[in-house]
Every structure is written in structure tokens, then in C-alpha cells.
Amino acid sequence: MTEPFLRVRRNTDSSHKIFRPVKLLTQFWNSSIGKKWIVALTGLALIGFVFGHLAGNLQVFAGPEKINEYAAFLHSIPKTLWVMRIGLLAAFVTHLVATISLVTANKSARPEAYAVSKHQVSRLATRMMFGSGLVIVSFVVYHLLHYTLRTTDARFKLLADGGKLASENDVHTMLVLGFQSPLVSAFYLIAVGLLAVHLSHGVTSVFRTLGLTSHNNAGGLVKLGNLVGAAVFVGYGSIPVAVLAGFLKLQA
Ligand code: HEM
């Protein structure tokens with residue numbers, strides 16, 4: 001008797017409509033395929049940032065004025081910059097939490113490790129996804145302290161404050177000083193190398209998760225992933241290498 005009554009009450013409750021998107025989102029998050037989509041979509045947003053940031057950084061090869069103007073432009077739109085930062089942080093944290101949750105669920109569903117046969121040996125990049133992701137997280141934390149907050153190097157202060165920067169936007173001097181340290185450059189090269197490996201697999205995974213992989217394009221997508229990884233490594237890696245080689249120097 002009570003069951004039909006309850007059903008009628010639920011259907012006439014207006015809060016039911018309001019909370020429906022939240023409920024759908026929770027169901028999406030709680031399903032394994034939903035979480036994979038979240039990892040894929042946030043991954044795409046992060047890849048967009050990686051290439052946008054790379055395009056900005058490569059302006060260092062066009063001379064100090066160019067990259068410093070670019071930094072000045074970014075700092076002149078603080079509200080937009082903060083919206084982008086918050087979006088980026090949200091995508092980064094969601095990507096991380098969803099991945100950790102998927103990995104934990106997979107491990108508890110299969111408590112005993114499989115005996116590894118020749119057929120089960122996956123690409124190195126696939127097996128390195130979690131480990132490379134963790135190194136990238138620690139790199140990003142260091143990188144923010146290094147070039148955004150400028151707390152790791154006393155020279156990244158204004159000339160007036162005893163530092164070496166002509167202005168807040170003197171990114172050129174900061175990059176050259178930073179990468180003149182072989183240790184710092186080596187860490188950046190290792191980190192962007194791992195980022196490249198991570199993305200080479202990530203790109204192909206995104207297509208698979210979104211159901212866009214077919215027998216015909218599978219090989220091409222692996223090549224695309226490798227191309228993306230190579231572009232990231234060569235692009236980002238070129239900056240510390242150019243400083244160490246003396247190609248990028250402090251302004252006279
Ligand atoms: C050689 C490689 C790189 C160079 C030279 C570089 C350079 C910089 C510089 C100069 C800034 C500070 C901009 C400013 O405050 O004026 C910055 C910020 C940042 N970088 Fe990089 N970067 C490199 C690689 C990366 C990589 C691989 C990632 C991500 C995986 C990354 C993520 C970020 C983030 C999240 C910020 C903070 C942006 C903000 O202030 O809102 N960077 N980078």
C-alpha cells in the first residue's frame with residue numbers, strides 16, 4: 001500500500017528536479033566509465049594548457065622584449081588570469097583524484113597480481129602513467145615555487161630589492177638565471193621527458209575512452225601520441241638546453 005503513495009510523493013516534489021543534475025553527476029562520477037570520461041576530458045583541457053604555455057614560453061627565442069611583453073600582458077589581465085588559474089587547478093585536481101580513485105578501484109577488484117605473460121606486457125608508457133603523473137605533480141609544485149612565486153632563488157627579486165630582475169615582468173632574465181644551474185635544468189628535462197611519455201599514452205587513451213578508436217585509426221593514433229610527446233619534450237626541453245649551451249644569454 002505504501003509503495004505507490006511514496007512514488008506519487010517523490011514525483012510531485014519540486015526539489016527532485018533541482019537535484020537531478022547533481023544526482024546524475026554523482027552517478028556519472030561513481031561509475032567507472034564516467035570517471036574515465038572525466039579523466040579524458042580534464043586531460044584534454046590540461047593538454048590545451050601544456051601547448052598554450054609552450055607557445056608562450058617559446059617566445060623567449062624571439063628576444064627578451066617579446067617574452068617580457070607577453071608576461072606583462074598576462075599580468076595586465078589579473079581577473080582573466082585568475083579565472084584561467086582556477087579552471088586549470090580544478091582540471092588538475094579532478095584529473096588526479098579521478099585517476100587515483102580508478103587505480104584504487106582496479107587494485108581492490110584484483111587483489112592478487114596477475115602472472116605477467118608476454119601478451120600482457122603493455123607499452124612502457126602505459127605502465128608508467130601513474131608514476132610519471134606523480135613526478136609531474138611534484139615538478140609542478142617546484143615549478144610554481146620557482147618561477148611563479150619566485151621563492152627558491154634570491155636573485156628573482158627586483159634590482160631595487162637586491163635581486164637581478166629589471167622589473168616584475170623580466171621573465172627572460174629569470175629563465176636564463178634559473179636554467180644556468182645544470183641541476184635545475186636536469187630536473188626540468190627529466191620532468192618534461194616524463195610529461196612527454198605521459199602525454200604520448202594519454203592522447204591515445206583519450207580517443208579510446210571517447211569511443212573514437214577503430215581498427216583503421218589505432219596505429220595512426222599511437223603515432224599522433226608519440227608526435228605530441230616529442231613536440232612537448234623538444235619544445236620545453238629546448239629552453240634549458242639553449243641556456244646551458246650559451247645560446248640564450250643575459251642581456252648586455
Ligand atoms: C622549460 C619549461 C618551462 C618553462 C621555461 C616555464 C616557464 C614558466 C614561467 C616563466 C612561469 C611564470 C609566469 C609568470 O608568472 O610570469 C610559469 C608558470 C607556470 N607553469 Fe611553466 N614553464 C615550463 C614548463 C611547464 C610545464 C611542463 C608545466 C606543466 C606541466 C608548467 C606549468 C606551469 C603553471 C601551472 C604555471 C603557473 C601559471 C600561472 O601563474 O598562472 N610549466 N612557467
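**Figure 1. Confidence along the predicted chain.** This is a predicted model, in which local features need pLDDT of at least 70 and side-chain atom pairs count only at pLDDT 80 or more, while totals for chains, interfaces and linings use all residues. Residues are numbered from 1 along each chain as its sequence is written. The predictor's confidence in each residue, from 0 to 100, is called pLDDT. Two residues are in contact if their C-beta atoms, placed from the backbone, lie within 7 Å. Residues 113-121 also have pLDDT below 50, with 2 contacts in the model beyond near neighbours in sequence. For the chain, the mean pLDDT is 89, and 87% of residues reach 70 or more.

**Figure 2. The helices of the chain.** The chain has 10 helices and 0 strands; helices (H or I, at least four residues) and strands (E, at least two) are DSSP runs, numbered from the N terminus. Among these elements, the lowest mean pLDDT, 47, belongs to helix 1 (residues 2-12), and the highest, 98, to helix 8.

**Figure 3. The shell around the ligand.** The ligand is surrounded by 19 residues, the closest being Ala71, Tyr147, Thr148, Tyr236 and Ile239. By type, the shell holds 14 nonpolar residues (Ala, Val, Leu, Ile, Met, Phe, Trp, Tyr, Cys and Pro), 1 charged (Asp, Glu, Lys and Arg) and 4 polar (the others, Gly among them).

**Figure 4. Helix 8 and its cover.** Val171, His172, Thr173, Met174, Leu175 and Gly178 of helix 8 are buried, that is, 20 or more other C-beta atoms lie within 10 Å of their own, with C-beta atoms placed from the backbone. The cover over the buried residues of helix 8 includes helix 4 (64-75), helix 7, helix 9 and helix 10.

**Figure 5. The largest nonpolar core.** This core has 21 residues, and Leu175, Val192, Leu195, Ala196 and Val232 have the most contacts inside it. A nonpolar core is a set of buried Ala, Val, Leu, Ile, Met, Phe, Trp, Tyr and Cys residues joined through C-beta atoms within 7 Å. Helix 9 gives the most to this core, with 9 residues. Leaving aside neighbours within four places in sequence, Ala196 is in contact with Gly229, Ala230, Val232 and Phe233.

Methods. Near = placed C-beta within 6 Å. Buried ≥ 20, exposed ≤ 12 C-beta atoms within 10 Å, placed from the backbone.
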